Amino acid sequence: MDKIASFLVPGCIALVLCFGCFRRVPVFSVFTQGAKEGLENCLSILPTLVGLLMGISMLKASGAFDVLSSFLEPAMKSLGVPSDLIPLALMKPVSGSGSTALLTEIFSSNGPDSFTGRVASVLCASSETTFYCTAVYFGSVNIRNTRHAVPAALAADAAACVVSVLSVRLLLP
Amino acid sequence: MLNGIWVGMIAISIFCAALTGRMDALSQAVFNGAGEAVQLILSIAGAMAAWTGILKIAEAGGFSRLLERLLKPATRRLLPEYKDDPQVIQAACMNLTANLLGLGNAATPMGISAMKAMEKHSSSRLTQGATDSMIRFVVLNTASIQIIPTMLASLRAAAGSASPLEILPAIWLTSLAALSTGLITAKLLEGRHG
């Protein structure tokens with residue numbers, strides 16, 4: 001499996017380049033043009049990112065996640081969600097690095113093959129960092145009125161949370 | 001929406017920090033977070049530039065036209081407003097493929113290229129906010145459907161899992177359920193304004 005994964009990136013690049021050379025595209029100058037655009041995109045999302053990560057870092061430092069998780073614990077317990085997973089479920093939409101840290105913590109305290117470890121894995125792999133993704137995508141085109149994008153994306157996250165517990169129960173007895 | 005979320009995040013942090021006595025940590029966090037954003041951009045800028053360059057070659061060489069044809073049934077429904085704009089559809093297809101292959105650092109630059117192309121296409125309407133297709137596209141990206149989550153598999157292997165990939169079917173089921181929930185919710189909320 002690891003072998004296949006390590007061929008993935010070079011393979012994709014080779015495939016794209018073959019197509020380009022076959023069609024006699026001036027590949028290097030096209031590449032540099034695109035790279036320039038990519039760097040401009042980086043600059044255009046930076047202000048959004050500064051605002052977002054500032055807010056998230058404040059949320060993490062303030063202990064808001066602890067307050068929220070103790071608040072949510074009774075409700076989640078009745079849904080069959082182990083209490084170790086609540087901080088992860090709250091962190092997942094907000095911060096990618098934060099949720100990876102929580103995931104490794106769960107792995108070392110419960111083991112990756114425990115029920116909690118499996119659900120945590122499924123939860124982490126089945127959704128992206130919602131706020132990062134929405135902020136970066138809409139920030140890159142300067143749209144502030146995102147309409148129903150955030151509610152819809154959060155509904156997807158909530159569904160991932162419930163279904164990850166159910167699917168591990170169902171498929172990995 | 002983003003205005004409200006941002007103000008809400010900061011208000012909640014200040015309130016909670018006052019409650020739990022972590023004001024010192026909070027004031028440090030303000031500029032740490034801002035600094036993290038610049039570090040993050042610096043660390044992904046190279047990959048962003050490289051993948052956008054590859055995307056341009058794929059567009060010029062016709063590779064993305066091949067993907068466009070393969071993914072047509074999906075993109076026609078997902079992005080009906082842009083189905084006749086090859087620039088949007090090809091960037092979106094490259095983004096979808098990168099997502100499926102689990103190439104996270106390729107998916108973002110290609111997704112941004114698709115958003116920029118959508119912006120160019122409907123610049124006159126954007127004062128009223130994002131278009132329905134843009135929202136569906138972003139929801140699709142937040143739900144991240146991937147065939148093999150390589151990052152997670154290596155984390156599990158490093159933690160000593162007996163079989164790091166045994167959870168694959170559960171992941172597929174969960175991402176599909178999350179994606180459908182997101183798209184259905186988007187559909188239901190579409191009519192409200194705009």
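Trainee: Which residues form the positive surface patch here?

Mentor: The general idea is to look for Lys and Arg, which count as positive. In this predicted model, the positive surface patch is made by Arg23(A) together with Arg65(B), Arg69(B), Lys72(B), Arg76(B), Arg77(B) and Lys83(B).

Trainee: And which elements give two or more residues to that patch?

Mentor: Those are α3 (63-70) and α4 (72-78), both in chain B. The largest share is three residues, and α4(B) supplies it.

Trainee: Where does Arg23(A) sit?

Mentor: Look at the loop in chain A that lies between α1 (2-22) and α2 (27-62); Arg23(A) is there.

Trainee: How do I describe the exposure of Arg23(A)?

Mentor: You go by relative accessible area: under 20% is buried, over 50% is exposed, and in between is partly exposed. Arg23(A) has a value of 45%, so we call it partly exposed.

Trainee: Okay, zooming out: how many helices and strands does chain A have?

Mentor: Eight helices and zero strands. Follow the sequence along and the pattern reads α-α-α-α-α-α-α-α.

Trainee: Is chain A spread out or compact?

Mentor: Here you set the radius of gyration against what a globule rule gives for the chain's number of residues. For the 173 residues of chain A the rule gives 16 Å, but the radius of gyration is 20 Å, well over that, so chain A is more spread out than a compact globule. Its C-alpha trace spans about 60 × 40 × 30 Å along the principal axes.

Trainee: What percentage of chain A is buried?

Mentor: Of its 173 residues, 54% are buried.

How values were computed. Residues numbered from 1 in each chain as written. Chains lettered and ligands numbered in written order. Predicted model: local features only at pLDDT ≥ 70, side-chain atom pairs only at ≥ 80, totals over all residues. Heavy atoms only, no water. Patch = residues over 30% accessible without salt bridge, like charges linked within 9 Å, V, L, I, M, F, W, Y side chains within 5 Å. Areas by Shrake-Rupley, 256 points an atom, 1.4 Å probe, with all protein chains shown as cover. Salt bridge = Lys/Arg side-chain N within 4 Å of Asp/Glu carboxyl O. Charge placed at Lys NZ, Arg CZ, Asp CG, Glu CD. Helix = DSSP H or I, 4+ residues; strand = E, 2+ residues; numbered from the N terminus. Buried < 20%, exposed > 50% of the residue type's maximum accessible area, 1.4 Å probe, protein only. Rg over C-alpha atoms; globule rule 2.2 N^0.38 Å.
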